Amino acid sequence: MNFVSMDFETANGHRTSACSLALVLVRDSQIVDSFYTLINPQEYFSPRNIQIHHIRPDDVQDAPTFDQVWPHIQTLFDSSHLVAAHNASFDNSVLKNTLTNYGILAPKYLTIDTVKTSRKFYPQLPNHKLDTVSANLNIDLENHHNALADSIACAKILLKTEQDFGTEQLKKMVKLTS
C-alpha cells in the first residue's frame with residue numbers, strides 16, 4: 001500500500017491556524033520518509049491549544065508561513081495520491097482552509113480516515129482516539145499531539161489494518177476530498 005499520512009496541530013480553534021505539520025510517506029507498506037515543520041500561522045495561540053501540543057508563539061516566530069511550505073509538498077496532494085489522517089475531516093479541513101486563506105486553490109485528493117477504519121475494523125475498542133487505537137494495536141505513540149508522532153502512529157494504524165483485513169477492504173473506505 002502507498003499513501004501519505006498527515007497530521008496538523010493548530011494554534012487555536014480556527015481551521016486556518018496550522019502551527020505544525022507532519023507528513024509520513026509509505027511505499028510498498030513501509031514507512032520510507034517523513035517531513036515535519038513548524039508553521040507560523042500569523043494568528044493568536046489559545047492557551048488550550050498550547051496546553052495540548054506545547055507549541056508557543058515564540059516557537060514559530062521564525063518558522064515559514066504555510067504558503068511558503070506548500071510548494072515543497074503540493075505534489076503529494078492530487079487525485080493519484082492517498083492521504084491518511086486520524087480524524088481526516090479535521091486535517092483535510094485545516095489544509096483546505098489554510099490554503100484558501102492564502103488564496104491558493106485547494107486540490108482534490110484521495111483520503112482515508114483511520115478513525116473510521118478503526119471503528120469499522122476494531123469496533124470492540126473503548127473509543128477510537130489515536131492513543132487508544134495505538135495502544136490496542138501495540139503501536140508506540142510517544143509524544144502524543146506532536147504532529148510527527150501522531151502521523152507515524154496513523155500510518156502504522158493503517159498498515160496494521162491492511163495487514164489484518166486486506167487492501168481491498170480499505171479501498172472501500174477511500175474518498176475524494178470535496
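## Strand E1 and its partners

In this predicted model, strands E1 and E2 pair in the antiparallel sense, over eight bridges.

The burial of E1 applies to both of its faces. Phe3, Ser5, Asp7 and Glu9 lie on one side, and Val4, Met6, Phe8 and Thr10 lie on the other; all of them are buried.

## The sheet as a whole

E1 belongs to an open sheet of six strands, with the order E3-E2-E1-E4-E5-E6 and mixed pairing. The edges are taken by strand E3 (30–38) and strand E6 (175–176). Each of these has a single partner strand, so one side of each is left without a neighbour in the sheet. For E3, eight bridges make the link to E2, and the two strands run antiparallel. Within this pairing, Val24 stands opposite Ser34 in E3.

Helix H4 packs on the sheet. The strands that H4 touches are E1 (3–10), E2, E4 and E5 (110–113), and its direction makes about 75 degrees with that of E1. H4 covers residues 88–101, and Asn101 is in this helix. Asn101 counts as partly exposed because its relative accessibility is 46%. Computed along the sequence, Asn101 and Thr16 are 85 residues apart, while in space their C-alpha atoms are 6.7 Å apart.

## Two nonpolar cores

The largest nonpolar core has 24 residues. Phe3, Ile112 and Leu158 are the residues with the most contacts inside it. At least two residues of this core come from each of strand E2 (18–27), strand E4 (82–85), helix H6 (130–136) and helix H7 (147–165). H7 gives the most, with seven residues.

Which residues does Leu158 contact, leaving aside its neighbours within four places in sequence? They are Met1, Phe3, Ala84, Ile112, Thr114 and Leu170.

## Salt bridges

The count of salt bridges comes to two. In one, Lys160 is paired with Asp164, and the closest N and O atoms are 2.9 Å apart. These residues are four apart in helix H7, which means that about one helical turn separates them. Lys160 is partly exposed, with a relative accessible area of 26%. Asp164 is partly exposed too, at 36%.

The other salt bridge is between Lys171 and Glu168, with the closest N and O atoms 3.3 Å apart. Both residues lie in helix H8 (residues 167–171), where they are three residues apart, about one turn of the helix. Glu168 is exposed, with a relative accessible area of 53%.

## Aromatic pairs

A pair of aromatic rings is described by the distance of the centres and the angle of the planes. The whole structure holds six aromatic pairs. One of them is formed by Tyr122 and Phe165. Their ring centres are 5.5 Å apart and their planes are at 75 degrees, so this pair is edge-to-face.

Tyr122 lies in the loop between helix H5 (114–121) and H6, whereas Phe165 lies in helix H7, so the pair ties together parts that are 43 residues apart in sequence.

Elsewhere, ring pairs link a cluster made up of Phe8, Phe66, Trp70, Phe77 and Tyr109. Phe8 is also one of the buried residues of E1.

Technical notes: Residues are numbered from 1 along each chain as its sequence is written. This is a predicted model: local features need pLDDT of at least 70, side-chain atom pairs count only at pLDDT 80 or more; totals for chains, interfaces and linings use all residues. Side-chain values use heavy atoms; hydrogens and water are left out. Buried means under 20% relative accessible area, exposed over 50%, partly exposed in between (1.4 Å probe, protein chains only). A nonpolar core is a set of buried Ala, Val, Leu, Ile, Met, Phe, Trp, Tyr and Cys residues joined through side-chain atoms within 4.5 Å. Contact means heavy atoms within 4.5 Å. A salt bridge is a side-chain nitrogen of Lys or Arg within 4 Å of a carboxyl oxygen of Asp or Glu. Two strands pair if DSSP finds at least two bridges between them. Axes are lines fitted to C-alpha atoms, for helices over the stretch in contact, and angles run from 0 to 180 degrees between N-to-C directions. Rings of Phe, Tyr and Trp (its six-membered ring) pair if their centres lie within 6.5 Å; planes under 30 degrees apart count as stacked, over 60 as edge-to-face and the rest as tilted.
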